[in-house]
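Dear colleague,

I am passing on the structure below, and after it I set out what was found there. Please read the notes with the coordinates open beside them.

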Amino acid sequence: MNINSDFKLWATLFLCMLVPFLCNAGLVSAEEGEHVHVHVLTLDHSNFTDIVSKHNFIVVKFYAPWCNFSMKLAPEYEKAASILSSRDPPVILAKIDANDEANEALADEFDIKAFPTLKILRNGGKNIQEYKGPHEADRIVAYMKKQIAPASIEIKSVEDAASLIGENKILIVGIFPQFSGEEFDNFTALAENLRFDYKFGRTLDAKLLSKGGSSVDRPTVRLIKPFDELFVDFQDFNVDALEKFVEEASLPIVTLFDKDPSNHPFVIKFFNSPNAKAMLFLNFTGDHVDSFKSKFHDVALHNKGKGISFLIVDVEASQGPLEYFGFKDDLVPLLFILKNDGQKYLKPNLEPEHIAPWLKQYTDGNLNPFIKSEPIPETNNEPVKVVVAESLHDMVFNSGKNVLLEFYAPWCGLCKKLAPILEEVAVSFENDTDVLIAKLDATENDIPSDNFEVQGYPTLYFKSTSGILLKYDGNKTNEEIIDFIQKNRDQTVQVQPDTTVNDEL
């Protein structure tokens, strides 16, 4: 299971900031419905490169005709195109049917994973940017006007600077002796790349800025923020280095997850960070809250730049994070570290003075990872054996058997439909001691991501006695599953199973 994608999806869904892009297949209808389209330019594999190369700025919508969300966006996109086409110069909105087999190569080239996906292409397609804006016509227009405006605003006066530096906002200002040269060009590239996420300014006079030193002797990027040290200067103008600087400096030393909506963008940035994530779950009306916050902040400051991001969660403001990670209230105050490889470390019911020594144990590599697991069943006599996280290695990897393992969710309809079929498969091998059919509840047990990729339910894997691990992607029938096992097993004495039942999902 991809833990980074999980973070991003959960944080965005939880804060109600995700436009639903994922579509349900099977809605057979034209993407455009009955709307007459005049202003949206239609592209395909034959004209895509030629048309895109002629435009400094063009927006391309990759859609599927059967996709409900594509159909919902279509009239709004057309309305926006009609408005933007009247500008001088016009802003071109285009579309391409990514579901058409002839256009598959383009969909792969642009990494299209869901519909609709919008891409902003600049400089004849040389620069590609993901569209992260709204899906309503008027707001699409406003978003595009911002996109075609200069990426940074020139600051000529104190008033100009004050108008850009708003409350709870981050401003990134390039300070230059002149608006030319390699440093200025790289700053402009940075502003173009991150223009949706941050406000950018440029100035010839650092004295106009209310925060930071007024004497700047060489090109400098100054990030002004409403928290921590209030401003940070940076003078490495490599574009990648600039982006890394902005990403790190724009995140609070300790991010706060509470009811205040101004904190929510920082929460999303926290979960999108590639760092390990240290999360302190607190009841803000409980005892010693100020001491917890102070100790946690001190530890975060001490570990700044060491690959760990820090978050405090007010469990009274929301039960979402606790529920997402499968924790109960009785563990709070809880300190929880989650690495991007899925390893977890827990310190439940801690006191403020526990924070620093426990974090030091973690950074020194002296803590054992926590594994979420159901209890090992006392009896396990059903044809399909129950595997939990604690028994996974013994029953699957170290069992010396050919094992078919199902990862399922109790609420999953397809899993329920597969259950009797797997039971029949298991019964057919009941006299074969070299074969084991098993199941694991993926909602209650941690799954080792280095062995299994589980992105939906049910997911089936087969492990032979020699250790070869295969994902089963065939039809969910008694006959085909048995045939797959027989073809891929390591066998001593083969026992022919009974294949008289052929139920199919």
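Leaving aside its neighbours within four places in sequence, which residues is L280 in contact with? In this predicted model, L280 is in contact with F292, F296, L311, I312, V313, L334, L335, L350 and I355, once those sequence neighbours are set aside. L280 also belongs to the largest nonpolar core, which has 22 residues, and it is listed there with F296, F310, L335, I355 and L359 as the residues that touch the most other members. Two or more residues of this core come from each of β12 (276-282), α10 (289-302), β13 (308-314), β14 (334-338) and α12 (355-363). There is also a second, separate core of 21 residues, and among its members are A151, F176, L194 and F227.

The axes of α7 (residues 182-194) and α8 (residues 239-249) come within 9 Å and cross at roughly 50 degrees, which makes α7 oblique to α8. The crossing of these two helices, α7 and α8, is right-handed.

Finally, H55 lies in the loop between α2 (48-53) and β2 (57-63), and it counts as partly exposed because its relative accessibility is 23%. Apart from neighbours within four places in sequence, H55 is in contact with I92, N123 and G124. H55 and L121 are 66 residues apart in sequence, while their C-alpha atoms are 8.4 Å apart in space.

With kind regards

How values were computed
Residues numbered from 1 in each chain as written. Predicted model: local features only at pLDDT ≥ 70, side-chain atom pairs only at ≥ 80, totals over all residues. Heavy atoms only, no water. Axes fitted to C-alpha atoms, helices over the stretch in contact; angles between N-to-C directions. Helix = DSSP H or I, 4+ residues; strand = E, 2+ residues; numbered from the N terminus. Parallel < 35°, antiparallel > 145°, perpendicular 65-115°, else oblique. Left-handed = near helix turned anticlockwise from the far one by under 90°. Core = buried A, V, L, I, M, F, W, Y, C linked by side-chain atoms within 4.5 Å. Buried < 20%, exposed > 50% of the residue type's maximum accessible area, 1.4 Å probe, protein only. Contact = heavy atoms within 4.5 Å.
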